[in-house]
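Please walk me through this model, starting with its open space and moving on to its packing and one of its helices.

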Amino acid sequence: MVSEESPLLVVTAHEAIYNRFEPHQKRWIVFLVSFVGLLTAFVQTTFVPSIPQIAKDLDLTHAVVSLIYSLSLLANAVGALVWATYSSFYGRRLMYLWGVPFVCVASCGVALSTSFHGLLFWRFVQSFGCAGGTSLGVGVIGDIYKLGERGTIIGAFYAVTLFGEAVAPFLGGAATQYWSWRNLHYCLGAWGVLEILLIYLSFPETSHPGTLGINKVTRRRWIHITWVNPLRSLWLLRSPNLLAVMSASSLVLISNYVLLIPMAYTIGIRYGITNEAIIGACFLPSGLGSFTGSLVAGRLSDIVVRRRREKRRGVWYPEDRLRATWIGGLIMAPLSVGASGLITTYIGGPIGFGLDILCLYANGVGVDSVLSPISSYNVDVVHSRSAEATAAYVASRWLIISAVTAFIIPSIQHIGVARTDIIAAVLALIGQGIIFLTIRYGDRMRASVDVGFSTMENN
C-alpha cells in the first residue's frame with residue numbers, strides 16, 4: 001500500500017520495463033490509441049446535432065431520440081468494463097482487434113435503420129464496440145510511460161480525443177444538413193476498417209511481460225476462450241479514493257452535458273438558429289476548451305507531482321496530482337455553466353450569443369482541467385490494473401451521466417434554462433469539494449481499504 005513514507009524511486013528491473021520501446025515507437029503507439037479514441041469521440045458526438053433530422057426521418061419525437069443517446073452512454077459503460085477486464089487477461093492488442101469490428105458492423109446497421117428499435121439496437125452495439133477507446137488507451141499509456149511522464153501523455157491523449165469532440169458535432173451537423181446522417185455512419189464504419197488494419201499491422205502488445213492472465217494458463221487450447229467477470233473492475237470502487245474521484249468527475253462533467261445536450265433547444269431557440277451545421281459549430285468552443293484544458297492540466301499535474309516530491313525530499317504522495325484541478329473545478333466549470341444559464345435566459349442578440357460561446361469554451365477548459373489529472377491519478381494508484389481502474393471510473397461515470405442526461409431537457413422544460421444550469425454549477429462545486437477532501441485525507445482513505453495500491457517501486 002502507498003503511504004507518505006514511500007521511498008524515492010530508484011532504477012530497478014521494473015523501471016527498465018518502460019524502456020522496452022524506443023521513443024519513436026512510443027509516439028506511434030500513442031498515435032494509434034489516440035486515433036481509436038478519436039473514432040470513439042466521433043461515434044459519440046456526431047449523433048447529437050443530427051437528433052432533429054433523425055427524429056423527422058423516423059417519425060420520432062426529439063425526446064425519444066435523445067433517450068437513444070442516453071442508452072448509448074449506458075453501452076459505453078458496459079463496453080468499457082468488458083474490454084478493459086478482458087485486456088488484463090488477453091492483452092490490449094487483441095481487445096482492439098475484437099472491439100473495433102463491432103463499430104464497423106453497427107455503423108452500417110445505424111445507417112440502414114428505419115425504425116426506433118433498429119436504431120436503438122445498432123446504436124447500442126456501435127457504442128459498445130468503441131467503448132474501450134478510453135480505458136484501453138489510458139492503460140496502454142500507463143504500460144509504456146513512467147510515473148513522472150504519464151500525466152503529460154495522458155493529457156495529450158485526451159486532448160486528441162477531445163479535439164474530435166470539438167470537430168465531430170460540426171461535421172455531424174454539416175453532414176446532416178447538406179449530405180446525410182446515414183452516409184456519415186457509413187464513413188464511421190470505413191474508418192473502423194482502417195483502424196483494424198493499422199492495429200493488426202503495427203500495434204504491439206504493451207502489457208508488462210508475465211502480467212496477463214493468459215500467460216498463467218498452463219494448459220491452453222489453440223483458441224482459448226475464458227470467462228472473465230467484466231464487473232470485477234467495479235470492485236475497485238470499494239476504495240474510498242477511487243470512488244471519490246469518480247463521483248467528483250461525474251458531478252463536474254454534468255456541467256458540460258447540461259450545456260451541450262440541449263444545445264438545439266437552448267442556444268438554438270434563443271438565438272433563432274435552426275441550421276444543424278451551425279448548431280454543430282456551436283460545439284467547437286467547448287471542444288477546443290477541452291483540448292486546451294486537457295493539455296495544460298496534464299502537464300501541470302506532472303509538474304505538481306515532481307515539485308511536491310522534491311519538497312518532501314523524494315516522498316511521493318499520490319493525491320498531489322489532484323492539486324492541478326483547483327482552478328478548473330472550483331472556478332471555471334461552475335462559473336461558466338451558471339453564467340451561461342443566466343445569459344441564455346436574460347441576454348439576447350449577438351451579445352448574448354457571444355457570451356454563451358465564451359462560456360462554452362471556459363466550461364470545456366474547466367471540466368477537462370479536472371478530468372485529465374483524475375485519469376492519471378487512477379493509473380498512478382493502481383498501476384497494475386490501470387485499464388480496469390480506468391474502465392470502472394469511466395463506466396460508473398457514464399452510468400451517472402446517462403441517467404442525468406435523460407432529465408436535462410425535461411428539467412429545462414419545467415424549471416427553465418437558468419435554474420437547470422445553476423443546479424449543475426452547484427453540483428460541480430460539490431464535486432470539487434470531494435476532491436479537496438481526497439487531497440486532505442487521501443492517505444487515511446487508502447489505509448482504510450487496500451485494493452492493491454501501487455508503490456514507488458512498482459509504478
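A pocket, as the word is used here, is an open set of grid points with protein on both sides within 12 Å along at least five of seven lines. In this predicted model, the second largest pocket holds about 170 Å³ of space. Its lining is made up of 15 residues, and those closest to the centre are Leu300, Ala324, Ile327, Gly328 and Ser369. Helix 13 (284–311), helix 14 and helix 15 each provide at least two lining residues. The biggest contribution to this lining, 6 residues, is that of helix 13.

Next, the packing. The largest nonpolar core has 70 residues, of which Tyr257 and Met263 touch the most other members. Two or more residues of this core come from each of helix 3 (51–57), helix 4 (62–90), helix 10 (240–260), helix 14 (326–346), helix 15 (349–381), helix 16 (386–415) and helix 17 (417–448). Helix 10 gives the largest share, 12 residues. Setting aside neighbours within four places in sequence, Tyr257 is in contact with Tyr69, Pro262, Trp398, Ile401, Thr405 and Ile408. There is also a second, separate core of 32 residues, with Val36, Phe89, Tyr145 and Phe203 among them.

Note on methods: Residues numbered from 1 in each chain as written. Predicted model: local features only at pLDDT ≥ 70, side-chain atom pairs only at ≥ 80, totals over all residues. Heavy atoms only, no water. Core = buried A, V, L, I, M, F, W, Y, C linked by side-chain atoms within 4.5 Å. Buried < 20%, exposed > 50% of the residue type's maximum accessible area, 1.4 Å probe, protein only. Helix = DSSP H or I, 4+ residues; strand = E, 2+ residues; numbered from the N terminus. Contact = heavy atoms within 4.5 Å. 1 Å grid on protein atoms, 1.4 Å probe; cavity = no way out; pocket = protein on both sides within 12 Å on 5 of 7 lines; lining within 4 Å. Points joined across faces, edges and corners; volume = space filled by probe spheres on them.
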